[in-house]
Amino acid sequence: MPTASHRPRSPRGFTLIELLVVISIIAVLIALLLPAVQSAREAARRMQCINNLKQLGLAAHNYSQVNECFPSGTYFMFPQAPSCPRWKQGPSFLISLLPFVESINGFNAYNANLHPYQSENSTVLGTGLSALWCPSDPEVAQPIVTSTPRDILGSCSGVSGAQPFPWRLQHTSYGGNSGPIPIAPTGPSGVDLNYQSQMTQAQGVINFGSTTSIGSITDGTSNTLLLGERNYSKITPLADKGPWLLFFSGANSDSMCTSMFPINGWKKFTFVSPTQNDWNVAGGGNASTAGAGSNHPGGANFAFCDGSVKFLKETIQSWPYDPVSTLPNGITYTSGLYSVVSPSPQYGVYQALSTRAGGEVISSDSY
């Protein structure tokens with residue numbers, strides 16, 4: 001009796017439900033994996049930022065060994081231009097550190113007899129240094145090319161450097177600690193009537209005209225800030241990115257940062273417009289350009305005067321603010337001068353860390 005032949009059964013494909021289950025599982029795995037990948041990348045960026053600050057801190061100490069003091073934040077100079085007969089702020093302390101961060105060629109190319117914005121120094125202005133850029137602040141590495149550089153020479157017309165050719169300007173993610181009250185005199189002693197009063201408020205390590213020695217940091221080098229992180233990427237709109245956080249400029253809003261503003265202050269105050277991370281205060285300045293901050297979650301990195309680098313949380317205790325004056329309680333601004341009124345403002349832990357000889361007792365577990 002003939003037997004029936006058995007044909008092999010074709011393999012069964014996935015049903016729609018099974019396919020959807022597989023896709024859902026893959027989506028869940030990706031959703032779980034992405035935060036871990038992003039966290040690992042941020043950890044690497046934060047480590048590079050720490051290395052940058054360590055390098056800059058070491059450079060500042062090497063400078064101190066040679067010159068017996070940390071570099072000055074900036075100083076007044078008289079631009080060698082007949083059409084600009086007045087004093088202006090000069091180069092930043094970062095120019096002084098160039099030989100100590102393996103940029104001796106840039107230092108040699110800089111003409112210290114001329115103002116930074118004079119055309120003879122244009123090559124240095126456009127030189128980018130990776131040691132000055134935090135990897136979590138990606139826009140800082142992109143140069144701004146402009147035919148009208150910031151008029152740091154004020155209303156002076158015809159000054160060398162105001163030519164209509166493209167200028168390449170480079171920026172920095174780091175600034176020197178200038179203390180709780182920013183110092184920005186309009187002229188030297190004998191020219192600015194507030195000069196001496198402002199100099200008594202220079203409590204940071206890298207101030208206008210400072211010559212801070214290790215011995216003058218009586219609060220202790222492990223309790224005093226040297227450098228702070230800045231957040232260039234938070235400056236908006238694009239038109240405002242060119243003039244701020246310039247590595248070669250000695251202005252407070254460029255190469256120095258103040259603890260008058262809380263860390264990541266742009267998160268905490270109402271901006272003048274929804275599209276501009278700018279918190280104007282009496283006397284000028286804003287949370288994006290004058291204070292410390294970063295794109296690292298929850299705070300920013302700081303170099304201390306003992307060579308260490310620590311991450312300070314944005315929740316660190318800071319002095320309270322008057323929402324009307326937009327200044328810390330006990331601080332007023334009149335005729336170009338910040339003044340302490342009675343009762344004297346109580347520094348927060350953050351402000352205390354930024355003074356070099358304030359006599360504060362700071363516990364390490366408070367930051």
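Accessible areas are calculated by the Shrake-Rupley method with a 1.4 Å probe, and for residues only the protein chains shown count as cover. The model shown is predicted: local features need pLDDT of at least 70, side-chain atom pairs count only at pLDDT 80 or more, and totals for chains, interfaces and linings use all residues. Residues are numbered from 1 along each chain as its sequence is written, and side-chain values use heavy atoms, with hydrogens and water left out.

**Figure 1. Overview of the protein.** The protein contains seven helices and 13 strands, where helices (H or I, at least four residues) and strands (E, at least two) are DSSP runs numbered from the N terminus. Of its 367 residues, 49% are buried; buried means under 20% relative accessible area, exposed over 50%, and partly exposed in between (1.4 Å probe, protein chains only). The accessible surface of the protein is about 17700 Å², and carbon and sulfur atoms account for 59% of this surface.

**Figure 2. A nonpolar patch on the surface.** Ile-17, Val-21, Ile-25, Val-28, Leu-29 and Leu-32 make up this patch, with about 610 Å² of accessible area together. Val-28 belongs to helix 1 (residues 16-67) and counts as partly exposed because its relative accessibility is 49%.

**Figure 3. The largest nonpolar core.** A nonpolar core is a set of buried Ala, Val, Leu, Ile, Met, Phe, Trp, Tyr and Cys residues joined through side-chain atoms within 4.5 Å. Among the 42 residues of the largest one, Leu-226, Leu-227 and Phe-248 touch the most other members. Helix 1 gives the most to this core, with seven residues.

**Figure 4. Two aromatic pairs.** Rings of Phe, Tyr and Trp (its six-membered ring) pair if their centres lie within 6.5 Å; planes under 30 degrees apart count as stacked, over 60 as edge-to-face and the rest as tilted. Six aromatic pairs are counted by this rule. The ring centres of Phe-247 and Phe-248 are 5.5 Å apart with planes at 85°, so this pair is edge-to-face. Phe-302 and Tyr-350 also form an edge-to-face pair, at 6.0 Å centre to centre and 70° between the planes. Phe-302 lies in strand 8 (residues 299-304) and Tyr-350 in helix 7 (residues 349-354), so the pair ties together parts 48 residues apart in sequence. Phe-302 and Tyr-350 are both buried.

Conventions
Patches are made of residues with over 30% relative accessible area and no salt bridge: like charges are joined within 9 Å, nonpolar side chains (Val, Leu, Ile, Met, Phe, Trp, Tyr) within 5 Å. A salt bridge is a side-chain nitrogen of Lys or Arg within 4 Å of a carboxyl oxygen of Asp or Glu.
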